[in-house]
Amino acid sequence: MYKNILIAVAFALVGCQGNSQKKEVAQEVTEKKETNFSVVKTEAEWQKELTEAEFYVLRKAATENPFSSDLLENKEEGTYVCAACGTELFKSSTKFKSGTGWPSFYEEIKGNVAYDVDYKIGYKRTEEHCATCGGHLGHVFEDGPEPTGLRHCVNGVALDFVPAKKD
């Protein structure tokens with residue numbers, strides 16, 4: 001009986017891995033690399049400047065709970081910036097409703113997002129960071145809408161929103 005339960009649990013775990021996680025993301029990242037960022041601070045400095053949630057997501061690569069971000073339903077025009085350093089990361093025009101529980105974008109602002117490989121949950125994923133400070137943003141999957149087909153699944157706590165200036 002225990003053997004049958006163990007087999008059932010194993011099948012359930014394998015079945016939870018979606019197609020988007022099985023695909024190789026367009027960003028060709030094959031191994032973890034050391035990156036030098038222009039904004040560098042000590043852990044104590046980051047802890048002093050960031051909220052507890054921001055610190056754990058941006059500096060410790062944690063993941064916020066799904067559907068917990070105030071930015072998830074934001075439909076205003078503007079720019080999403082790094083909560084740690086203010087670097088512009090995503091335009092509101094590239095945001096879409098993915099149903100995943102995290103703010104999702106089909107395109108980043110070129111040059112402002114850096115990529116790395118992540119094996120933390122047992123298989124390869126493309127992790128994304130702020131290219132200026134190295135703050136962890138989330139992951140990129142190949143199940144997004146056109147024109148890129150990508151889904152930048154981003155922790156809302158890693159972002160601040162700057163509304164577009166009204167004339």
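This is a predicted model: local features need pLDDT of at least 70, side-chain atom pairs count only at pLDDT 80 or more; totals for chains, interfaces and linings use all residues.
Let's get the layout out of the way. The chain has four helices and nine strands. What order do they come in along the sequence? Reading along, you get α-α-α-α-β-β-β-β-β-β-β-β-β. There are 167 residues in the chain, and 43% of them are buried. As for contacts, take the ones between residues at least 6 apart in sequence: 58% of those join residues at least 24 apart.

Now back to that loop between α4 and β1. Buried means under 20%. Phe67 lies in the loop between α4 and β1 too, and Phe67 also isn't a glycine, yet its phi is positive, about 65°. Buried or exposed, where does Phe67 fall? Phe67 counts as exposed, because its relative accessibility is 57%. For context, most residues other than glycine have a negative phi, and most peptide bonds are trans.

On the subject of peptide bonds, have a look at Glu146 and Pro147. The bond joining those two is cis, with omega at about 15°. Pro147 is in the loop between β7 and β8.

Next up, salt bridges. The count comes to eight, and I'll walk you through a few. Start with Lys60 and Glu43, whose side chains meet at 3.0 Å, N to O. Lys60 is in the loop between α4 and β1 and Glu43 is in helix α3, residues 43-49, so this pair ties together parts that are 17 residues apart in sequence. Lys60 counts as partly exposed, with a relative accessibility of 42%, and Glu43 counts as partly exposed as well, at 43%.

The pair of Lys120 and Glu127 is another one. Their closest N and O atoms are 3.9 Å apart, and the cut-off for a salt bridge is 4 Å. Lys120 is exposed, with a relative accessible area of 54%, whereas Glu127 is buried, at 2%.

Then there's Arg151 with Asp143, where the side chains meet in a salt bridge of 2.7 Å, N to O.

Glu54 is found in helix α4, residues 52-58. Glu54 is buried and has no salt bridge. How far away is the nearest side chain of opposite charge? That side chain is Arg59, and the distance is 11 Å.

Last stop, the second largest pocket. If you roll a probe the size of a water molecule over the atoms, you see where empty space is left. The second largest pocket has a volume of about 240 Å³. It is lined by 16 residues, and the closest to the centre are Trp102, Arg125, His139, Phe141 and Cys153. Which strand gives the most to that lining? That would be β7, with five residues. Both β7, which is 136-141, and β8, which is 151-154, supply at least two residues each. By type, the lining divides into seven nonpolar, seven polar and two charged residues.

That's my tour. Happy to go back to any part of it on the screen.

Conventions:
Residues are numbered from 1 along each chain as its sequence is written. Side-chain values use heavy atoms; hydrogens and water are left out. On a 1 Å grid over the protein atoms alone, a cavity is a set of points where a 1.4 Å probe fits but cannot get out, and a pocket is an open set with protein on both sides within 12 Å along at least five of seven lines; lining residues have an atom within 4 Å of a point. Grid points are joined across faces, edges and corners, and a volume is the space filled by probe spheres set on the points. Ala, Val, Leu, Ile, Met, Phe, Trp, Tyr, Cys and Pro count as nonpolar, Asp, Glu, Lys and Arg as charged, and the others, Gly among them, as polar. Buried means under 20% relative accessible area, exposed over 50%, partly exposed in between (1.4 Å probe, protein chains only). Lys and Arg count as positive and Asp and Glu as negative; His and the chain ends are not counted. Contact means heavy atoms within 4.5 Å.
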